[in-house]
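Hello,

Here is the structure we talked about. Please look it over; my notes follow below it.

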Amino acid sequence: MKKVILILSVLAFVACGGDKKESKEKESSKTEKAEKKTEGGRKKNSKGIGPVTELKLPETIDESMAAEGKKVFDAKCTACHKPDKKYIGPAPKGVTKRRSPEWIMNMILNPEEMLEKDPIAKQLYRDNNGAVMANQDLTKEEARQVLEYFRTLE
Amino acid sequence: MKQLLAKLLVLSTTVALLVSCGSKDNVAPRGTDNVVSDAASKTYVKPGEYDEFYAFLSGGFSGQLSVYGLPSGRLLKVIPTFSVDPEKGYGFNEETKPMLETSVGFVPWDDAHHPELSQTNGETDGRWIFINGNNTPRIARIDLGTFETTEIIEIPNSGGNHSSPFTTENTEYVVAGTRFSVPIPQEDIAISEYKGKFKGALSFISVDKDSGDMGLAFQVLMPGFDYDLAHSGKGKSHGWTFFTTYNTEESNTLMEVGASQNDKDFIAAINWKKAEEYIAQGKFKEVPANYVNNEYSDETHSAVTKRLNKVKVLDPVECPGLVYFLPTPKSPHGVDVDPSGEYIVGNGKLSADLTVHSFTKVLDAIENKKFEGEAYGIPVLKMEDILAGIVKEPGLGPLHTEFDGRGNAYTTFFISSEVVKWKLGTWEVIDRQPTYYSVGHLMIPGGDSAKPDGKYLVAMNKITKDRYLPTGPEMNHSAQLYDISGEKMKLLLDFPTIGEPHYAQGIAASKIKSKKIYKLEENKHPYVAKTEADAKVVREGKDVHVYMTSIRSHFAPDNIEGIKVGDNVYFHVTNLEQDWDVPHGFAVMKARNAELLIMPGQTETLLWRPQEPGIYPMYCTDFCSALHQEMQGYVRVSPAGSNTELKWSVGEVDEE
Ligand SMILES: [Cu+2]
């Protein structure tokens with residue numbers, strides 16, 4: 001008799017698992033729709049997911065830091081991004097108006113998790129034909145320099 | 001519902017009955033009885049979790065080195081070493097072709113036998129692993145940061161590099177003893193002149209302690225025996241290397257009879273510290289010898305062949321104290337030194353007993369000049385003076401011994417197909433377990449070093465037979481994993497291997513620091529294109545150099561025109577990725593070699609000689625992203641002498 005119970009519970013377990021997955025998928029598509037409605041403001045506030053949780057940008061642009069950032073960008077990013085026009089991925093021009101500094105750095109430093117969990121990154125992935133943002137092994141300092149360079153592209 | 005349950009119950013009972021019937025059946029594969037009941041949980045590594053040990057098993061006649069995880073027995077990688085490998089482009093791309101260069105030109109294959117990890121203070125240090133090439137005598141060094149073959153040195157004056165590349169305590173040297181004796185220097189003489197005319201060279205290859213760079217330091221010119229295996233001393237015997245010999249009869253035909261006449265052959269004990277003194281005193285002869293040393297650089301991502309033409313040779317007759325012979329019963333195969341360095345185990349494969357020599361007694365006999373006589377001017381010690389003990393009739397056909405660091409030794413017996421555990425000092429047999437079938441070498445992680453990690457033992461078998469589902473007349477050789485943490489050995493797992501695993505090495509995974517990428521900024525390849533802006537095509541007469549980049553998911557350039565029949569097109573592809581495990585492949589239609597497989601930050605070159613005009617697709621072969629299938633391009637090939645303009649592009653489409 002014990003065996004019967006075991007088999008039964010295995011069956012029940014499998015069935016439950018399946019249901020849960022489906023409902024989860026429904027949920028996530030709901031949140032995406034909700035997000036689309038509130039675009040603009042919410043996106044600018046999102047900090048994304050990754051090592052950078054809080055970053056206050058000073059008023060003025062640090063020109064020498066931006067120059068370093070341009071070097072890093074030219075070396076590691078230009079195979080997919082042109083400064084002012086869409087290439088494989090979107091152009092960084094104007095990105096600091098659209099996204100928070102934290103989000104930009106997290107997208108550079110932690111693209112795998114961003115593509116998996118961050119709603120904006122997921123939408124960008126769809127908008128760009130499924131091209132992934134590659135992790136180019138930048139240090140935090142280099143990513144900060146690149147962000148400063150992006151500020152000069154406004 | 002009730003009915004369904006009843007059916008399920010019946011079904012599961014029948015399955016249970018069937019299973020229990022099967023295990024009682026004599027027709028079932030042997031050895032299922034002595035598998036312990038918790039074997040599965042002891043070898044189970046949860047999905048996503050790592051193995052505790054790396055195991056490096058030689059690929060034997062595949063010429064490669066395989067990497068497994070223990071205790072799972074999962075194959076992690078095959079490292080191309082002495083044989084070309086189209087999967088990775090090894091020996092096909094321009095960068096690695098020089099790795100397989102020898103004194104007689106490009107050799108695409110070898111027979112690899114004995115991996116040996118580098119050591120510091122007698123302990124494995126996880127820096128490099130060495131392995132011998134038997135057929136065209138060579139030693140390779142593999143970097144355990146990149147898991148790539150990084151150097152190969154050819155051994156001159158050698159005829160089958162078998163007793164190799166066993167290391168000394170601080171990797172001062174790896175050794176290369178010749179299996180076959182040959183005329184030195186080589187000459188065209190009658191084979192019947194073997195006796196006296198043939199010689200055996202024992203080579204000491206120095207290893208730079210920082211870079212790992214190998215060099216042929218010196219050779220000891222020995223009598224024309226066969227030199228089978230070796231191990232260097234450690235602790236008190238540090239400074240000595242021991243080589244087994246067979247065919248001290250110096251027979252040159254029907255060796256299975258001819259080389260089995262003498263009751264005893266020798267273990268040759270070489271005092272390499274003494275050799276260093278003789279070299280320093282200039283007591284060597286420098287003789288001509290053609291050999292090469294090929295080295296691969298992680299900066300240029302290319303190998304270079306260096307040609308060498310001299311070697312320093314020491315003659316034992318002129319160098320007293322350099323070599324002694326330790327008589328050992330009948331054709332000893334392995335010679336294994338225990339972790340303390342005191343015991344030297346001669347595995348006399350045609351002998352009924354295992355003979356163990358004492359290093360202390362060897363030194364004592366040498367000091368008191370207690371010699372039995374000499375052979376070719378080399379002193380022969382008396383066996384009774386140097387004997388530490390005998391393991392009486394432990395099995396049939398002993399081959400190799402390893403140690404667990406707790407005072408026990410484990411010896412394989414080829415003919416009786418078993419591993420026998422015995423105690424150092426008392427020489428008593430503690431346990432024996434069958435192997436399936438005909439075991440050759442065995443391996444305990446660190447089991448030939450001063451600090452064994454005595455948890456597992458891997459037995460490598462020569463015959464597989466009924467162990468796995470049949471795959472035609474040939475089956476992969478099998479390895480078997482035993483738990484040796486307790487008094488009795490417990491068989492845990494069978495797993496198939498590549499080629500023929502001769503020897504193996506094991507090391508705690510925590511000791512290895514594996515690299516994730518090659519840094520793009522450190523790439524010094526002469527044809528690197530570090531950004532798409534550097535992508536270009538340059539014609540130099542009939543040679544066309546394509547400086548190409550790859551990133552998920554496009555090549556730059558991906559359209560090339562102006563190539564002509566008769567051109568030598570070099571595709572130099574740089575992988576711009578800087579992320580772990582994102583290689584890109586490169587293949588072009590009708591290329592008559594192989595693909596490229598380019599690691600992140602690396603540059604590799606494929607030579608392509610198009611033979612007919614037309615449009616030739618090229619594509620990425622390694623599934624790199626959701627858009628991998630889109631990672632493609634075209635080359636236009638025009639007839640020889642045509643005026644098609646050379647041009648290239650990527651992404652030149654109208655903007656919207
Ligand atoms: Cu690809």
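Chain A exposes about 9500 Å², and carbon and sulfur atoms supply 59% of that area. Accessible areas come from the Shrake-Rupley method with a 1.4 Å probe; for residues, only the protein chains shown count as cover.

Some ground rules. This is a predicted model: local features need pLDDT of at least 70, side-chain atom pairs count only at pLDDT 80 or more, and totals for chains, interfaces and linings use all residues. Residues are numbered from 1 along each chain as its sequence is written, chains are lettered from A and ligands numbered from 1 in the order in which they are written, and side-chain values use heavy atoms, with hydrogens and water left out.

Chain A has eight helices and zero strands. (Helices are DSSP runs of H or I, at least four residues; strands are runs of E, at least two; both are numbered from the N terminus.) Of its 154 residues, 36% are buried. Buried means under 20% relative accessible area, exposed over 50%, partly exposed in between (1.4 Å probe, protein chains only).

Now the copper ion. Its ligands are B:His584 (ND1), B:Cys620 (SG), B:Cys624 (SG) and B:Met631 (SD), at 2.2 to 2.6 Å. Donors are N, O and S atoms within 2.8 Å of the metal (3.2 Å for Na, K and Ca); water is not among the atoms, so sites may look incomplete. The angles among the four donor atoms run from 91 to 131 degrees, and the site is tetrahedral (four donors, all angles between 85 and 135 degrees). The donor spacing in sequence is H-x35-C-x3-C-x6-M. Both B:Cys620 and B:Cys624 are buried.

Next, the aromatics. The whole structure holds 32 aromatic pairs over all chains. Rings of Phe, Tyr and Trp (its six-membered ring) pair if their centres lie within 6.5 Å; planes under 30 degrees apart count as stacked, over 60 as edge-to-face and the rest as tilted. B:Tyr173 and B:Phe218 have ring centres 5.9 Å apart and planes at 75 degrees, so they are edge-to-face. B:Tyr173 is in strand S11 and B:Phe218 in strand S14 of chain B, so this pair ties together parts 45 residues apart in sequence. B:Tyr173 is buried at 7% relative accessible area, and B:Phe218 is buried at 2%. B:Phe204 and B:Phe243 also pair edge-to-face, at 6.4 Å and 75 degrees. One aromatic cluster takes in B:Tyr173, B:Phe204, B:Phe218, B:Phe243 and B:Trp272.

Best wishes

Terms used:
Tetrahedral: all angles 85-135°; square planar, octahedral: opposite > 155°, others 65-115°.
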